Amino acid sequence: MLYRENGQFKTSYGADQQIFPIAQDRVAMLLLLALAAVVVPGLASEYLLRAILIPFLILSLAALGLNILVGYCGQISLGTGGFMAVGAYAAFNFLVRVDGLPLVAAILLGGLCATVVGVLFGIPSLRIRGLYLAVATLAAQFFCDWAFLRIKWLTHDSSSGSVGVSGLSVLGMPIETPVQKYLFCLAFVLVFGLIAKNLVRGHIGRSWMAMRDMDVAAAVIGIRPMAAKLSAFAVSSFIVGVAGALWAFIHLGSWEPAAFSIDRSFQLLFMVIIGGLGSIAGAFFGAAFLVVLPIVLDNLPYWFGIPIDTALASHLTTMIFGALIVFFLIVEPHGLARLWQIAKEKLRLWPFPH
Amino acid sequence: MGFFLETLIGGLMTGMLYSLVALGFVLIFKASGVFNFAQGAMVLFAALAMARFAEWIPRWTSLSGKLAVNLLAFLVAMALMVAVAWLIQKLVLSRLVNQEGITLLMATLGITYFLDGFGQTLFGSDIYKIDVGLPKDPVFLMEQSFQGGVMVNQEDLAAALIAASLVAALTLFFRFTGTGRALRAVADDHQAAQSIGIPLSRIWVIVWSVAGFVALVAGIIWGSKLGVQFSLSLVALKALPVVILGGLTSVPGAIIGGLIIGVGEKLSEIYIGPSLGGGIEIWFAYVLALIFLLLRPQGLFGEKIIDRV
């Protein structure tokens, strides 16, 4: 009985509304936070931070945003890359065109622009459903790709849409070393993680889930479909836009529209599905899995000392990646979050079988 | 006027080719409810197989006649596509029965990655040529009504004819053969079909094989036009708006949708494109499909979606 939750002993509203009702969970979460905020920056090598941890944090933020739309509200979107691009380029424009605008404000304003675009492309969801909607959201993806490549004003008149930022700082502190970048991203992920967790357990999150499970029935019991669907699009694309701005500013430094291509959209959708639809933790599991997997696959031949031609290696990597995705979907269609849940249920009874 | 007609005809020809790819999507969706994202990868895989076998067969055997070599390569590539269909059904789909649509969609995305990697590992990743002897020279029509006439690419014309006859053949197959009837029954209602003794798993292998066949034909036509290379798999992204425009469950929808998208794309690129900075082809098709969908959410010919609580 490592893990227990026996009966209802709550005596106050505060206890009833806790995010983590079990004491072990609270301790574990605090330990995890301490690990992420104190131990990791002290111990992790520069490579680990740059190649794994920073991408992991930013992509899990994006996956979190997408999960709100796909996992909680049931609207499949293939335009996530486009919304990330909107966030990135809008934040860039605010930073370059407005003198003295703080970095955080620019990133949040970028997120707001992504919200506007997201809601705009979310309007068809009021009429179109399911796979039709999924394909229709590709319009957002391709339109954004095109706009940032062709409309010079959006990219501050740079050729082929490639832009870059440098000398970023927050409250006078520069963000240059990998550790500083890591902590900056971590702060965003924590804040938005908390916001998202609270949104999905509140009134608005429940209206999203009702919409996901059966939209006609939800409308009958008095949930306004338009408000529910569009608010999901708004919140989701805000978070995705902020993640896009972080990805561009912090991870890439200088970027072009191809950084937010349709492959990015698919990658994020994979994260959400492999991590677990409709689960905040799932976004993090999925992001970790999909950030680490390609790196492991790329390095596998070197670890075993097998020399492979690079072109062949990249084809083999694609192949194994695809096969693993399929394998994973077959073994656990409900994602890593579901495995985590099963483990918790087993621990609750351990060592007794029933 | 001559120029307009030329654009229009060019659009119709491209549209015919889009519908060919779209047809693959529709066949599989109708029969198994799987939105097959791997259709583009199948086109690339089939075209790669065709191109490479046509190159290898004269080396392995003493065959040298172009027709014989191409025919043999076609048969071998077809056999390979059937094998792929069988493996997909056996290893992936049969294990994902009753899962949600989005899980199946993701599984086909996994298959896409696998096929892309596998095809290029097996057959190499350079640009290859397919030469099945489609005529290359342009012809001029209606020279007496317009000055200079209307230029039509013979290759496009042949491709459109092949596509049209393929569609006709498939329609006949669905209508008049026992297997075709079984396929339609499965498309209507899985359980009912199974209860009268139609073997579902075999039907699904057949459907995926037919989709593989359509992919092979599309691959050969696109491949002889553009060369066989990785970008061929992106043709599928062009076919997606066609599918949703026509309706996911309708074969005629795929054809009409393809023609609308093909024409719309070409006309918009020429008449609207310059004022927007060009290159609008890629998103225009999607926006066009989106506008149609707002009027008819199930596509032009899709089955009406009825909500029950």
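User: How far does helix 13 of chain A reach from its first C-alpha to its last?

Analyst: Happy to start there, and please keep in mind that this is a predicted model. Helix 13 of chain A holds 22 residues, and at 1.5 Å a residue one expects 32 Å. The span in the model is close to that, at 31 Å.

User: Which elements do the buried residues of helix 13 of chain A pack against?

Analyst: The buried residues of this helix include A:H315, A:M319, A:F321, A:I325 and A:L329. In their own chain, the buried residues of helix 13 pack against helix 11 and helix 12 (280–303).

User: Which element gives the largest share of the side of chain A that touches chain B?

Analyst: Between the chains, 39 residues of chain A are in contact with 41 residues of chain B. On the chain A side, the elements that give two or more residues are helix 6 (130–150), helix 9 (215–220), helix 11 (262–275) and helix 13 (310–331). With 13 residues, the largest share comes from helix 13 of chain A.

User: How many residues on the side of chain A that touches chain B are nonpolar?

Analyst: This side of chain A can be sorted into three classes of residue. Three of its residues are charged and four are polar, while the nonpolar ones number 32.

User: Why does the span of helix 3 of chain B agree with expectation?

Analyst: Helix 3 of chain B has 27 residues, so at 1.5 Å a residue it should span 39 Å. The span agrees because the end C-alpha atoms are 38 Å apart.

User: Which element of chain A do the buried residues of helix 3 of chain B pack against?

Analyst: Among the buried residues of helix 3 of chain B are B:A73, B:A77, B:M81 and B:V84. Within chain B, the buried residues of this helix pack against helix 2 (39–60), helix 4 and helix 8. Their partner in chain A is helix 13.

User: Which element gives the largest share of the largest nonpolar core?

Analyst: That core has 210 residues, and those that touch the most other members are A:L61, A:L246, B:V43, B:A47 and B:M50. Leaving aside neighbours within four places in sequence, B:M50 is in contact with B:A73, B:F74, B:A77, B:I130, B:L216, B:G219 and B:I220. The largest share of the core, 17 residues, comes from helix 8 (residues 200–226) of chain B.

User: Is B:V287 buried, partly exposed or exposed?

Analyst: B:V287 lies in helix 12 (residues 281–295) of chain B. A residue needs 20 or more other C-beta atoms within 10 Å to count as buried, and 12 or fewer to count as exposed. B:V287 has 18, which means that this residue is partly exposed.

User: What radius of gyration does chain B have?

Analyst: Chain B has twelve helices and two strands, and 47% of its 309 residues count as buried. A compact globule with 309 residues would have a radius of gyration near 19 Å. Chain B agrees with this, at 20 Å.

User: Which element of chain B has the lowest mean pLDDT?

Analyst: Chain B averages a pLDDT of 82, and 92% of the residues score at least 70. Among its elements, helix 3 has the highest mean, 88. At the other end, with a mean of 68, is strand 1 (residues 138–141) of chain B.

Definitions and conventions:
Residues are numbered from 1 along each chain as its sequence is written. Chains are lettered from A and ligands numbered from 1 in the order in which they are written. This is a predicted model: local features need pLDDT of at least 70, side-chain atom pairs count only at pLDDT 80 or more; totals for chains, interfaces and linings use all residues. Helices (H or I, at least four residues) and strands (E, at least two) are DSSP runs, numbered from the N terminus. The radius of gyration is taken over C-alpha atoms; the globule rule is 2.2 Å times the number of residues to the power 0.38. Two residues are in contact if their C-beta atoms, placed from the backbone, lie within 7 Å. Ala, Val, Leu, Ile, Met, Phe, Trp, Tyr, Cys and Pro count as nonpolar, Asp, Glu, Lys and Arg as charged, and the others, Gly among them, as polar. A nonpolar core is a set of buried Ala, Val, Leu, Ile, Met, Phe, Trp, Tyr and Cys residues joined through C-beta atoms within 7 Å. The expected span of a helix is 1.5 Å times one less than its number of residues. pLDDT is the predictor's confidence in each residue, from 0 to 100.
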